[in-house]
Amino acid sequence: MTSESLTGWSGTIAILSVIVLCVCLLASCASPGDKTTAPKAAPFVGNRGSRIFHEASCFDAGLIEQWNREDLQSTGEAAAKGYRPCQKCKP
Ligand SMILES: [Zn+2]
């Protein structure tokens, strides 16, 4: 009868839905690295305009416009790129 075939189909669809849901949950669990792959903040920040570099926590470092700042991993890198240390934070 038609009613029997209908319940058969809805049963199959229900099982498929559960499988799809499980796969989605597994997929979301399998990719927890999104947050950990974010770039680490550089310890020093250089001002491209003034050629002065700061500790990342220096107040003046926070004033540098995004387009004008350069992330620096070390004081050596800053010196190699021609930066002078800030007189306030003395990096
Ligand atoms: Zn500074």
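I am working from a predicted model.

**Entry 1: layout.** I went through the secondary structure next. The protein chain has three helices and four strands. Reading along the sequence, I get the pattern α-β-β-α-β-α-β.

**Entry 2: burial.** How many of the 91 residues count as buried? I find 16% of the protein chain in that class.

**Entry 3: backbone angles.** I then turned to phi. Most residues other than glycine have a negative phi. I noted R51 and K90 for their positive values.

**Entry 4: R51.** I read a phi near 60 degrees for R51, which is not a glycine. Where does R51 sit? I place R51 in the loop between β1 (44-47) and β2 (52-55). I checked its surroundings too. R51 has 13 other C-beta atoms within 10 Å, so I log R51 as partly exposed.

**Entry 5: K90.** Phi of K90 is near 45 degrees, again positive and again in a residue other than glycine. I find K90 in the segment after β4 (84-85). Is K90 buried or exposed? K90 is exposed, because I count 9 other C-beta atoms within 10 Å. The cut-off for exposed is 12 or fewer.

How values were computed:
Residues numbered from 1 in each chain as written. Predicted model: local features only at pLDDT ≥ 70, side-chain atom pairs only at ≥ 80, totals over all residues. Helix = DSSP H or I, 4+ residues; strand = E, 2+ residues; numbered from the N terminus. Buried ≥ 20, exposed ≤ 12 C-beta atoms within 10 Å, placed from the backbone.
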